[in-house]
Amino acid sequence: MSTDPAIAARIRENLARVNNNIAAANARSGRSDNPITLVGVTKYVEPPIARLLVEAGVSNLGESRPQELWRKNEALADLNISWHLIGHLQRNKVRRSLECSPLIHSVDNLRLLEEINRESASRGNVTDVLLEINISGDAAKHGLLPNDVDSLFPSITKLDHVQVVGLMAMSGLESDRDQTRREFASLRDLSERLRPKCSHNIAMTELSMGMSDDYEIAIEEGATIVRIGSALFEGVNP
Ligand SMILES: *Cc1c(COP(=O)(O)O)cnc(C)c1O
């Protein structure tokens, strides 16, 4: 399918701006030797537009709905993409989702983790996941409460086909910038508190936090992965 070259140019411009902002925020954080992974969230656009983002240099793509992950994975199968599943995952969608080998950002209960373990075992591999944490206290948000996480560790340790690589969170819908910063700092604190309790399949390496409106704050507070959609597709009609 052909796409307007102006759209490709716009995406390249947006990406350059986002990459500059990421580098500047990383420098301010004093950790600029730590690379930040940019996940381009493609949920707003069709596969031909998502393809332009990959061609512009983004190899990590994120989808929040499993069916959309499957569809885009198929449509873009000729490209070398690392997929990220960033939205809520039901157990009955685990098997099909694992075919896309995603990093799953949104694990917030043990039964889901057990299902991922079972399906990964039958595929003969290990699936990387992040534990989603509800840092804002919004009742409508998914995620484990910060105080409930370490009590899961003994059970997780028995699941040989999952590897926890860190934590993921979203800022509160109602949060202003100071509150957002406190929420992100609280996720980083939690990962530091959990670090001594890690085991062979639990590590606190990654912090997935920050979206179009708050990724610079997230990086200043220690994000290693940012998930950005609208800022990359500004000016691009879906
Ligand atoms: C949609 C979405 C994003 C990207 O949001 P933007 O504000 O468009 O950057 C990031 N993370 C999650 C979990 C999402 O659902």
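1. Thirteen residues, given here as 13, surround the ligand, and the closest are Lys43, Tyr44, Ser212, Gly229 and Ser230; a residue is near a molecule if one of its heavy atoms lies within 4 Å of it. By class, this shell holds seven nonpolar, four polar and two charged residues. Here Ala, Val, Leu, Ile, Met, Phe, Trp, Tyr, Cys and Pro count as nonpolar, Asp, Glu, Lys and Arg as charged, and the others, Gly among them, as polar.

2. This is a predicted model, in which local features need pLDDT of at least 70 and side-chain atom pairs pLDDT 80 or more, whereas totals for chains, interfaces and linings use all residues. Residues are numbered from 1 along each chain as its sequence is written, and side-chain values use heavy atoms, without hydrogens and water.

3. Polar contacts are pairs of N or O atoms within 3.5 Å. In the side chain of Tyr44, an N or O atom is 2.5 Å from an oxygen atom of the ligand. Lys43 places a polar side-chain atom 2.7 Å from a ligand oxygen atom, and Arg227 has one 2.9 Å from a nitrogen atom of the ligand. The ligand alone exposes 390 Å², of which the protein buries 90% (Shrake-Rupley method, 1.4 Å probe).

4. The ligand sits in the largest pocket, meaning that more than half of its atoms lie within 2 Å of the grid points of that pocket. A pocket is an open set of points on a 1 Å grid over the protein atoms alone, where a 1.4 Å probe fits, with protein on both sides within 12 Å along at least five of seven lines; lining residues have an atom within 4 Å of a point.

5. The largest pocket contains about 520 Å³ of space, a volume being the space filled by probe spheres set on the points. Its lining comprises 28 residues, with Met170, Ser171, Met211, Asp214 and Arg227 closest to the centre. Two or more lining residues come from each of α7 (177-194) and β8 (225-228); helices (H or I, at least four residues) and strands (E, at least two) are DSSP runs.

6. The second largest pocket has about 170 Å³ of space. Its lining includes Asn60, Trp83, His84 and Asp128, and β3 gives the most, with three residues.

Conventions. Polar contact = N/O pair within 3.5 Å; in protein donor to acceptor, adjacent residues only side chain to side chain.
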